[in-house]
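Subject: Structure for you to look at

Hi,

Here is the structure I promised to pass on. Have a look at it first, and my notes follow below.

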Amino acid sequence: MSSSVPRLVVAAPASGSGKTTVATGLMAALTGRGLAVSPHKVGPDYIDPGYHALATGRVGRNLDAYLCGPELIGPLFLHGARGCDIAVVEGVMGLYDGAAGEGELASTAQVAKLLRAPVVLVVDASAQSRSVAALVHGFVTWDPEVRVGGVILNKVASDRHEALLREALDSVGVPVLGVLRRVEQVDTPSRHLGLVPVAERRAAAVDAVAAMAAQVAGGCDLEALVALARGAGALSCAAWDAAEALPSPGGEEPRERPRVAVAGGSAFTFSYAEHAELLGAAGAEVVSFDPLRDERLPEGTRGLVVGGGFPEVYATELSANEPLRGAVAGLALGGAPVAAECAGLLYLCRELDGQPMCGVLDASARMTGRLTLGYRDAVAVSDSVLAGAGERMRGHEFHRTVVEPGSGTGAAAPAWGVRVPERRVEGFVQSNVHASYLHTHWAAAPGVARRFVERCRTS
């Protein structure tokens with residue numbers, strides 16, 4: 001089977017060059033012209049896809065060759081791009097930067113090759129003129145399999161500066177598809193882990209995306225960009241499907257659909273869309289709730305998934321919602337399956353920065369000045385609602401908190417053993433609770449969803 005969706009990858013020589021502004025603005029500008037745009041982000045980042053979703057009206061999806069494996073990049077892309085006229089993929093870091101020590105793995109360049117997609121290189125030209133030709137030439141020739149189809153020059157000072165840049169690039173043979181002037185940066189505030197998520201600043205985020213769209217529409221050749229996207233090669237793979245991805249359990253499928261509550265709202269914005277799709281395909285009824293606002297879990301909840309986000313920002317509000325904290329504790333201590341990642345782990349602790357949390361785990365959490373960041377190759381240390389002991393899983397850590405176990409955590413076992421950057425065990429498995437710092441992508445191991453839903457039926 002082959003499929004061809006017009007597509008391009010927005011990349012840059014380095015972080016901070018302006019690729020998020022260009023990618024998000026391009027998505028919004030094309031959507032404003034009546035195209036159905038499929039938004040994608042290379043890597044594990046949860047925040048940029050929120051802005052992409054705002055720009056396009058579609059779910060922003062991640063393409064991570066480390067978490068999911070290179071073989072799933074094409075199928076996951078086609079799954080997200082169903083019914084779309086064009087797809088825009090925002091890269092991560094510099095074009096050729098990938099997982100540390102793993103060569104090109106998880107780099108924007110690798111994803112572009114797997115997707116057979118042309119690359120648009122966003123170059124920060126603010127401190128150079130003729131040197132831009134050497135820079136672009138290097139990126140164009142570094143890997144002949146990566147097709148750089150055009151350049152967008154960002155932070156250009158004047159008409160004279162633009163003329164010098166264009167003259168230099170004539171020798172490289174790569175067309176200039178856009179020129180963006182130096183302007184006051186679009187209002188996309190950040191904090192310790194990157195941009196502030198859309199859910200926390202909805203009105204301001206709408207204005208920011210509109211400003212990005214206007215900037216790109218005014219400075220870029222949209223027709224040329226669309227034409228470049230239409231030149232992408234066909235993909236010889238089928239779209240990923242949650243139901244098809246799940247291993248057959250054998251025998252007759254259970255009729256009961258246990259209700260699984262998934263935390264959302266401003267405090268818990270980090271979640272891959274495929275997780276809910278896999279839970280549904282495994283037979284669960286997936287419902288959402290907001291721990292900041294809802295004082296009860298959804299009626300009939302049999303299992304709980306609490307993903308990542310910024311609970312430290314909302315510790316006071318989360319703590320003040322005593323009825324829900326009590327309901328979460330009661331559900332977990334009653335034996336219901338609970339899967340918690342990063343922010344979810346903090347929420348299940350006894351306290352966070354001195355504020356009482358759910359108390360499911362006898363542990364305290366606090367913010368620090370130290371960033372823990374990177375991909376992890378993990379193995380399950382204990383049988384849990386997500387994995388059997390010995391099963392391998394790849395994950396990603398991204399946090400500035402530490403969790404300190406109390407004296408009463410003897411009943412809890414470690415969740416994962418990791419090898420990089422040092423050998424250690426991590427997380428908690430306690431009864432049917434699995435809580436860990438690792439963010440994982442269940443499309444890489446869809447049996448996780450079936451195992452979790454089956455525990456919801458039988459617990």
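Leaving aside its neighbours within four places in sequence, which residues is V260 in contact with? Before the answer, a word on what you are looking at. This is a predicted model, in which local features need pLDDT of at least 70 and side-chain atom pairs count only at pLDDT 80 or more, while totals for chains, interfaces and linings use all residues. Residues are numbered from 1 along each chain as its sequence is written, and side-chain values use heavy atoms, with hydrogens and water left out.

With neighbours within four places set aside, V260 is in contact (heavy atoms within 4.5 Å) with L279, A284, E285, V286, V287, G303, V305, F452 and C456. One of these, F452, is 192 residues away in sequence, yet the two C-alpha atoms are 9.6 Å apart in space. V260 has 0% relative accessibility and counts as buried (buried means under 20% relative accessible area, exposed over 50%, partly exposed in between, with a 1.4 Å probe and protein chains only).

V260 sits in strand β10. Helices (H or I, at least four residues) and strands (E, at least two) are DSSP runs, numbered from the N terminus. β10 belongs to an open sheet of six strands, in the order β11-β10-β12-β13-β21-β20, with mixed pairing; two strands pair if DSSP finds at least two bridges between them. At the edges stand β11 (285-289) and β20 (428-430), each with a single partner strand, so one side of each has no neighbour in the sheet. From one strand to the next, the twist averages 15°.

Within the sheet, β10 (residues 259-263) and β12 (residues 301-306) run parallel and are joined by four bridges. R259 stands opposite T301 in β12. Helix α15 (residues 447-458) lies across β10, β12 and β13 (338-341), at about 145° to β12. For such angles, axes are lines fitted to C-alpha atoms, for helices over the stretch in contact, and the angles run from 0 to 180 degrees between N-to-C directions.

**A buried arginine**

R7, in strand β1 (residues 7-11), is worth a look on your screen. R7 is buried but has no salt bridge, and the nearest side chain of opposite charge, D85, is 13 Å away. Beyond four places in sequence, the contacts of R7 include F77, A87, R116, P118 and L235.

**An enclosed helix**

Helix α2 (residues 47-56) has eight of its 10 residues buried, so it is largely enclosed by the rest of the structure. Among the buried ones are D48, Y51 and H52. Just after α2, G57 takes a positive phi of about 75°.

Most residues other than glycine have a negative phi. K155, in strand β6 (residues 148-156), has a phi near 60° and is partly exposed at 22% relative accessible area. D353, in the loop between β14 (351-352) and β15 (355-356), has a phi near 50° and is partly exposed at 37%.

Best wishes

Definitions and conventions: Lys and Arg count as positive and Asp and Glu as negative; His and the chain ends are not counted. A salt bridge is a side-chain nitrogen of Lys or Arg within 4 Å of a carboxyl oxygen of Asp or Glu.
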